[in-house]
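Open the model in your viewer and get ready to select a few residues by number. Shall we take a walk through it together?

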Amino acid sequence: MTKFRKFNEKSVVEDYIVDELVKKGWKYVPADELERESFEEPLLNSLSRKLLEINKDKGIRLEEVQTVITELKLKGTGVEGVKRILDYLKEGVPVTVEKDKVLRRVELFDYENLDKNEFIVSRQVVFKNADNEIRTDIILFVNGIPLVNIECKNPVVFSVNWYDAFIQIKEYEQKIPELYKYVQIGVAAEQIAKYFPIIPWQKADEMRIHEWKSKNKDSIDATLEMFSKNVLLDLIKNFIFFKIEGSNAIKIITRYMQYRAVKKIINRVKNNFLGRTEKNKGLIWHWQGSGKTYEMIFAANELFNSKLLENPTIFFIVDRRDLEEQLFQEISSLNMVEPEVISTISKLRKVLKHDGGRGKRGLFITLIHKFRSSELQDLKKEMEELSKKKKETIMTRKNVICFIDEGHRTQYGLLAAQMKDILRNAFFFAFTGTPLSKKGRNTFQEFSYEEENYLDKYFILDSIKDNFTVKIIYQPRLEKEVHLKKELLKTFLEVEEEEIPEELREVVKEKTRKKLRPIRIFLESKNRIKEVVKDIVTHFKENVDGKYKAMIVTVSKKACLHYKEELDKLLPREASEIVMTLEGDDRKEILEYKKKLIERFNGKNVEDIKKEIIERFKEETYPKILIVTDMLLTGFNAPILQTMYLDKPLKGHRLLQAIARTNRPFKNVKEGGLILDYVGILKEVKKAFKDYSKEDYEGALYDIKDIRKEFIELIKNLMTMFKDLPREDYSRETLLKAIEIITSKDENSKEFIEKYKRLRRIFEVLGSDTIKVRDDLLEEYAWLTAIYVYYRRLVLRENTEVHKYTQKYYHKTIKYVEKTISFKLPENILPIIEFNKSYFKKLEERIKNKKERVANIVFALNKLVLVDKEENPIYESIADKVERVLDSWKKDVKDYEKIYKESLEIISTLDSITKRRKELGFSERDYYILQILEKKLGKKKELIADVRELSKKLSEIMFNNWVFQVTARKDVERTIRNFFRKYIRIYKLSLKEFNELCEKIIEYVKTHDNK
């Protein structure tokens, strides 16, 4: 079990992270001692020195280094500039060396010799531009280049969590883009830590946020593993990529289990090459949606660039033409070597025979079917003859790697054997997104070892727990009207085929064809499809439309056409599109459809039309529903796809692959993918997965009945927190009592918010399920929703959750709850009172209940002082008083009168501070220094005069960016120490007290005064 440390203060989180990084070999440098030209310049001056050291063997001189630095500084902060910066971090900057006029790459990091790089961690680093200023909690520099920004939040403050730190970084990206063109990784740390790639132009709700995990380590320690010297540079070089995704440009970064699997592959290859092991294969099972495609790509990229392998040949081998295309698009969208598609057996021959039989070098994508034995016998014999002559061939070369995607279809036995026979010395790594079939274990032993079934394994339940995928929920629909009869379903489950083959292909045995034909005829019936479409449209309009998108999976191309015809009668024509293979099909109805399709898309070819439809589905409003039979059931990745209307018998790994199209998370609002079953296959889950071990497919599918139970259990669990409160009472007094319960313990707030959000997502995914309108459950859900809204307004001080967002994704909650409790929660019951000059007046007018007034003041102070105090350090002087008030609030028996009185005193102090500062005409800096002095020495008139005099002296020696000049810093420090030296005599300070006083003032002046 992962253990979680309990942090008590934000400074402890920040201190701990810095201390642990220092233990990992990072050098801590205070912000004011960083070698910087100015607050506007993110790069450290040490960069030029390190570049000369790292590139000395290339004849690089100071002139070339200056050219490199100028190139970095002049790169824009837009998409192209950020993309180029990442390229430079990986490969170096191309520069013509003046001495010999040769173009060479000046490397920014030494990836081979880690100790030649400089690793610096600093904190509270200020960055500025003409309009904005930010103060980052922790910045990691390598060779003077800022690569990581870590923002920390206090785990015990009610109003903040890691997400606030994440949003802070997103805001910083907009304020200081010059910094974030270099920074590659952001980390938001609280009790847990989340990491993400820096993408300034991407909206917060579109970001992919991850948590690094490591056995027996808590979230913070696991994340710190990422920033070990070797791992961070490995991430930059091999695991962060720029990606063009349709019209969007993003960065992708590895997930922890991807990194783990890839390193196992890399180590196996390297250890074999170095003679440490004879093992040259491995099997990786990572659940669909966990990112196995990127695992292949990450591994291929690192191996291709490995000096040890000396320009290898790498094959990506897939089993379907659409996967071949998808993989090509995926790799081509990244800033790495572009692969070559081997589209014909003739081309495969050329690749294998290239360079006198040694084989062509590079990345290649091909179908497994190209390795048919009958087609390559002559080539095999030719290679064997060359090998006998002791000539190097692709048959004898070791630097050949094969990545096999979904390698467990039955025909892979012979095809895989032929492939391995030709590539006898190659490495073979097979990847699957579904578990290993018991029947197919012998086949899969070709890619694993007796003592090692899997090189790496990532369970379905792990993926759901990590939020890389969501649950897949199924629900039978129209069981009596349209499901397959028992005898037909039994027939399908008994035949060897995993799906109804399109047009009952000739390769299917005649006996099997006869058995399956009645199923096909039944499922293609126009009248039946008409009934199914009515139900689909009703469900789609009520539960999916406007939030997510859907897919209809049909038994055949003919059925696709019927579905489209019926959908167009009930929905706009543009709402749905068919995606299916049209080439080579000369049936009249298919040809007619193809002709109309081409006309509708202004004469484009079929392949381009298919790509356009898919892109529109992912990025635009229309189409909202895709109709498919064979295509897009594997490899298709569209997080917005939430509902699959299944009208095709599938089983085994094909069923798992198909339904997993819906399991991608979407904007943290998608509780699960939904499969509506019109065939009846999911009623027979055990039979559909009879070839798998139960523990291997556990968590793959959830019956809607299980979700109902989860809904009930979650409500029951949450209601237990408020067991002594009347559930039907929506009075402000009752709501306030609920808030007191939630905020009485540090962990209660987070538990309530997390569980309620999950409950709300389940409520939405249940759609029109009658369980939701059961009187007792609906009342309790409505009541919990009222508490949730009240909490967000009172404690978090939010005017409302993002209104459009709530309306769009949770309209069922709003509809049912408002109907149940007969008022609109956000506006009418819960006025939020802003903390300003008229705060008390409004408080008196709007809130008559004294307990509620106390709560408003307590949480306003919490937000203003404990959360926002960094924006105004003057508030630090009263922070401890606010914390005492919060401690009093958390007690089981509250002394409201005492809390109210103490809160009034704090507010009075706040007013006095503001008023006094203005009367004195002090800047925030001067007033803060006065507070430091008065806290130590008491209020004395002469201290005011001293601060004025000190301020004048400091102004004379301070200038823009003074903090970066050693002599200026020393002048400021000396001036402060000399000025206060008299206090040793006047106020009888010990040398220790004098030093502590001076150091506090010096630290504040250096970190907060940038004039």
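This is a predicted model: local features need pLDDT of at least 70, side-chain atom pairs count only at pLDDT 80 or more; totals for chains, interfaces and linings use all residues.

Now widen the view. Phe722 belongs to the largest nonpolar core, which has 218 residues. Phe722 is also one of the five that touch the most other members, along with Phe315, Leu423, Phe752 and Phe980. Colour helix α30 (residues 775–794) next: with 13 residues, this helix gives the core its largest share. Nonpolar side chains tend to be buried together in soluble globular proteins.

There is another core to visit, lying apart from the largest one. This second stop has 122 residues, and you can find it by selecting Trp162, Met207, Ile220 and Ile284, which are among them.

For the last stop, select strand β22 (residues 641–646). Is β22 mostly covered or mostly open? Mostly covered: 6 of its 6 residues are buried.

Look for the partners of β22:

- Strand β19 (residues 549–553) runs parallel to β22, joined by 5 bridges. Pick valine 553 and you will find leucine 646 of β22 as its bridge partner.
- Strand β23 (residues 672–677) also runs parallel to β22, with 4 bridges between them. Here threonine 643 stands opposite leucine 674 of β23.

How values were computed:
Residues are numbered from 1 along each chain as its sequence is written. Side-chain values use heavy atoms; hydrogens and water are left out. Buried means under 20% relative accessible area, exposed over 50%, partly exposed in between (1.4 Å probe, protein chains only). Helices (H or I, at least four residues) and strands (E, at least two) are DSSP runs, numbered from the N terminus. Two strands pair if DSSP finds at least two bridges between them. A nonpolar core is a set of buried Ala, Val, Leu, Ile, Met, Phe, Trp, Tyr and Cys residues joined through side-chain atoms within 4.5 Å.
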